[in-house]
Amino acid sequence: PSAGSYRLDGQQVNELNEEELAEFRRTRLGFVFQSFNLLHSGTALENVELPLVYRGLARRERLRRAGDALETVGLADRMDHLPWQLSGGQQQRVAMARALVGRPRLLLADEPTGNLDSKTAEEVLHLIVRLHHEQELTVILVTHDPDIAACAHRVVILHDGAVVYDHASP
């Protein structure tokens, strides 16, 4: 931040050095991008496994957890498929599995339904809501779609970098 401070999961994040920040991101945050950001030469399983490589987990444990994450998002039968062999919705679910495999406390999702048709976008949104409830996962989702925002417990609208609306549902 350019000013102020914040705590996440009980930790004063702005006081962490670069190495501690990297560890914090690896262990407590999951990221889902609009464009999926999958490695095209890797299978779904390899894409999901990747964050665990950086944590230093043994291969057997990485593969087990990656398989479990793919099962969670409904893609256990697509583990060996390359990204180009998957639909857009399946690619986004692989990206979600990759974000979730590290068991983050916070999921940051940037327009996770932006590149999807309306039916697939709805399926991905329902998956995010289910994971929020089942895993008690905090989700910050960026969207321009008011229908997607309407599914959130709290909606914050920014305009030119300033908060212009902040409302939480009961």
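Contact here means that heavy atoms lie within 4.5 Å, and in this predicted model that criterion places Glu 111 against Gln 34, Val 142, Thr 143 and His 144, once its neighbours within four places in sequence are left aside. Glu 111 sits in the loop between strand 4 and helix 5, where the residue is buried and yet has no salt bridge. The nearest side chain of opposite charge belongs to Arg 98, 16 Å away.

Confidence in the model can be read from its pLDDT, which has a mean of 91 over the protein chain, with 99% of the residues reaching 70 or more.

Val 73 illustrates the packing: not counting residues up to four places away in sequence, Val 73 touches Arg 93, Met 96, Ala 97, Leu 100 and Leu 127.

Turning to charged pairs, the structure holds 10 salt bridges. One of them joins Asp 9 to Arg 28, with the closest N and O atoms 3.6 Å apart; Asp 9 lies in the loop between strand 1 and strand 2 (11-12) and Arg 28 in helix 1 (residues 18-28), so this pair ties together parts that are 19 residues apart in sequence. Asp 9 is partly exposed at 40% relative accessibility, as is Arg 28 at 23%. Arg 105 also forms a salt bridge with Asp 9, here with the closest N and O atoms 3.4 Å apart, and this pair links distant parts of the chain, since Arg 105 is in the loop between helix 4 and strand 4, 96 residues from Asp 9.

Within helix 1, Glu 23 forms a salt bridge with Arg 26, the closest N and O atoms being 2.7 Å apart; because these two residues are three places apart in the helix, about one helical turn separates them. By contrast with this local pair, salt bridges that share partners join Asp 9, Arg 28 and Arg 105 into one network.

Finally, a search of the whole structure finds one aromatic pair: Phe 31 and Phe 33 are stacked, 6.3 Å centre to centre, with 10° between the planes.

Methods: Residues are numbered from 1 along each chain as its sequence is written. This is a predicted model: local features need pLDDT of at least 70, side-chain atom pairs count only at pLDDT 80 or more; totals for chains, interfaces and linings use all residues. Side-chain values use heavy atoms; hydrogens and water are left out. Helices (H or I, at least four residues) and strands (E, at least two) are DSSP runs, numbered from the N terminus. Buried means under 20% relative accessible area, exposed over 50%, partly exposed in between (1.4 Å probe, protein chains only). Lys and Arg count as positive and Asp and Glu as negative; His and the chain ends are not counted. A salt bridge is a side-chain nitrogen of Lys or Arg within 4 Å of a carboxyl oxygen of Asp or Glu. Rings of Phe, Tyr and Trp (its six-membered ring) pair if their centres lie within 6.5 Å; planes under 30 degrees apart count as stacked, over 60 as edge-to-face and the rest as tilted. pLDDT is the predictor's confidence in each residue, from 0 to 100.
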